[in-house]
Amino acid sequence: MAIVLTERMKGWIELMGCHLCVATPGGVPWVTVSRFARVTNPDQVSFAMEKGEIGVIEDALLKNPWVAFGVSKQGGIRAAFQFKGKGKILRSGAEFDNVKKMATGVATDAVLVVDLTELYCTKPGAEAGQRLDIMPPVEVDAWEKARWTDIPGK
């Protein structure tokens with residue numbers, strides 16, 4: 001089932017930046033941040049990354065394309081989601097140029113594009129770990145609206 005991000009999820013991702021985690025084929029985790037993120041398709045997020053940010057994860061990502069990320073800053077409880085998918089690094093081309101242009105204040109060395117395949121709730125309590133990507137988008141939206149009412153940036 002395709003992942004469709006809600007307006008609230010998009011707001012948190014784009015307003016707060018994200019922590020990105022990859023792992024080597026042997027399972028060693030590497031974590032970095034991206035201060036700039038944009039939802040570039042309904043099931044895709046692109047990150048403008050500086051040299052030091054992409055440098056932390058690039059070697060592992062080239063061997064294992066799976067990326068997990070969550071919203072940074074105060075998002076741990078308020079934006080209680082973990083997003084997972086396959087990532088690819090861009091350093092040129094139209095997609096790279098478009099994201100770089102939007103990412104003012106970031107010395108963009110690379111753009112990490114993540115095509116989302118999984119979505120989990122990380123809200124503390126009984127719902128922690130619940131898979132949301134197996135629900136139809138309308139149900140995810142209703143589930144989320146029953147728990148939170150804010151839409152960041154609006």
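Contact here means heavy atoms within 4.5 Å. All views show a predicted model.

**View 1**
Not counting residues up to four places away in sequence, S34 touches G17, C18, L20, F47, A48, M49 and E53. The side chain of S34 also reaches the backbone oxygen of A48, at 3.1 Å. S34 is buried, with a relative accessible area of 1%. Across the strand pair, S34 stands opposite C18.

**View 2. Strand β1 and its two partners, β2 and β5.**
β1 covers residues 18–23. Its side chains alternate. On one pairing, 6 bridges join β1 to β2 (residues 29–34), and the two run antiparallel. In β2, V31 is the bridge partner of C21. β1 and β2 form a hairpin with 5 residues between them. G27, in the turn, has a positive phi of about 95°. On the other pairing, 4 bridges join β1 to β5 (residues 66–71), again antiparallel. Here C18 stands opposite V71.

**View 3. The open sheet of 7 strands.**
The strand order is β2-β1-β5-β6-β7-β4-β3, with antiparallel pairing. β2 and β3 (36–41) are the edge strands, and each pairs on one side only. Neighbouring strands of this sheet are turned by 35° against each other on average, direction ignored.

**View 4. Helix α1 across the strands.**
α1 spans residues 7–16 and lies across β1, β3, β4 (44–49), β5, β6 (81–90) and β7 (110–121). The helix runs at about 145° to β3. Its buried residues include R8, M9, G11, W12, I13 and M16. G17 follows α1 and has a positive phi, near 70°.

**View 5. Cysteines C18 and C21, without a disulfide.**
A disulfide is a covalent bond between the sulfur atoms of two cysteines. A search of the whole structure finds 0 of them. The cut-off for a disulfide is 2.5 Å. C18 is buried, at a relative accessible area of 0%. C21 counts as partly exposed, at 27% relative accessibility.

**View 6. The salt bridge between R8 and D150.**
Side chains of opposite charge can pair when their charged atoms come close. The structure holds 11 salt bridges. In one of them, the side chains of R8 and D150 meet at 3.2 Å, N to O. This pair links distant parts of the chain: R8 lies in helix α1 and D150 in the segment after α5 (137–145), 142 residues apart. R8 counts as buried, at 3% relative accessibility. D150 is partly exposed, with a relative accessible area of 23%. R8, E144 and D150 are linked in a network of salt bridges.

**View 7. E127 with its partners K123 and R147.**
E127 forms a salt bridge with R147, the closest N and O atoms being 2.5 Å apart. The pair links distant parts of the chain: R147 in the segment after α5, E127 in the loop between β7 and α5, 20 residues apart. E127 also forms a salt bridge with K123, with the closest N and O atoms 3.5 Å apart. Which of these residues are buried, and which partly exposed? E127 is buried, with a relative accessible area of 16%. K123 is partly exposed, at 25% relative accessibility. R147 is partly exposed, with a relative accessible area of 31%.

Notes
Residues are numbered from 1 along each chain as its sequence is written. This is a predicted model: local features need pLDDT of at least 70, side-chain atom pairs count only at pLDDT 80 or more; totals for chains, interfaces and linings use all residues. Side-chain values use heavy atoms; hydrogens and water are left out. Buried means under 20% relative accessible area, exposed over 50%, partly exposed in between (1.4 Å probe, protein chains only). Two strands pair if DSSP finds at least two bridges between them. Axes are lines fitted to C-alpha atoms, for helices over the stretch in contact, and angles run from 0 to 180 degrees between N-to-C directions. A polar contact is a pair of N or O atoms within 3.5 Å; within protein, one must be able to donate a hydrogen and the other to accept it, and residues adjacent in sequence count only if both atoms are side-chain atoms. A salt bridge is a side-chain nitrogen of Lys or Arg within 4 Å of a carboxyl oxygen of Asp or Glu.
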